[in-house]
Amino acid sequence: MHPFESAKKKINQLLSMDRMADAIKELKPWATDHQDLYAELDGLGARLDSNQRMRRKEQIDIDKYIQLQNQAREAFQGILKDIDQLLDIKKMSEASIRAVKQVNLGRESIEKKKFNDAVGFFEVALELKPDDLEALFYRGTALIALGQWLEAFEDFSLVIHKSR
């Protein structure tokens, strides 16, 4: 095989691997006899170097962009979790406020000897806030007044059990 043929083969391999700068270096010794080809290779080499620097910079910029995008996505997901927690707290707070209002209405009903109404208010309070010991206690009190001893006993037992 002619030396020029082996050089062409090597150059084509380098080009196929996207190693153009290496291919130009390989070709330059063969081009020394032809000044115009040598000058063209020099110009091509300079443009290639510039292009590779730009590609590296663009790659860095793309990597930074992807990194920032991932950080923004993580931050956004964190914010969404915080918003969900705040909404849950707000719902719990609203439920607690409504439960307190129901307990107050139930206590007023007990004072007015309207025990059935009182039990209804305490049940609504317990739906809103199931662990409300005050609602359980007062519902038990209203149930005693209605003669529902067994149900009252269950409420008082829950109050004692949950308060420990």
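**Chatting about helices H5 and H6**

Visitor: Is the crossing of H5 and H6 left-handed or right-handed?
Guide: In this predicted model, H5 and H6 cross in a left-handed way.

Visitor: And who makes the contact there?
Guide: On the H5 side, the residues include Leu 133, Leu 136, Phe 137 and Ile 144. From H6, you get Ala 152, Asp 155, Phe 156 and Val 159, among others.

Visitor: What angle do H5 and H6 pack at?
Guide: About 155°, and their axes are 8 Å apart. Angles over 145 degrees count as roughly antiparallel, so that's what H5 and H6 are to each other.

Visitor: Which residues of H6 are buried?
Guide: Ala 152, Asp 155 and Val 159 are buried in H6. They fall within an arc of 60° seen down the axis, so they line one face of the helix.

Visitor: Why would residues a few places apart point the same way?
Guide: An α-helix has 3.6 residues a turn, so residues three or four places apart end up pointing the same way.

Visitor: What do the buried residues of H6 pack against?
Guide: They pack against helix H5, residues 133-145. On the other side of H6, Trp 149, Leu 150, Phe 153 and His 161 are exposed.

Visitor: New topic: H4. Which residues are buried there?
Guide: Phe 115, Ala 118, Val 119, Phe 122, Ala 125 and Leu 126. They cover an arc of only 120° around the axis, which puts them on the same side of H4.

Visitor: What's exposed on the other side of H4?
Guide: Asn 116 and Glu 127 are exposed there.

Key. Residues are numbered from 1 along each chain as its sequence is written. This is a predicted model: local features need pLDDT of at least 70, side-chain atom pairs count only at pLDDT 80 or more; totals for chains, interfaces and linings use all residues. Side-chain values use heavy atoms; hydrogens and water are left out. Buried means under 20% relative accessible area, exposed over 50%, partly exposed in between (1.4 Å probe, protein chains only). Helices (H or I, at least four residues) and strands (E, at least two) are DSSP runs, numbered from the N terminus. The arc is that of the directions from the helix axis to the C-beta atoms. Contact means heavy atoms within 4.5 Å. Axes are lines fitted to C-alpha atoms, for helices over the stretch in contact, and angles run from 0 to 180 degrees between N-to-C directions. Angles under 35 degrees count as roughly parallel, over 145 as roughly antiparallel, 65 to 115 as roughly perpendicular and the rest as oblique. A crossing is left-handed if the near helix is turned anticlockwise from the far one by less than a right angle, and right-handed if clockwise.
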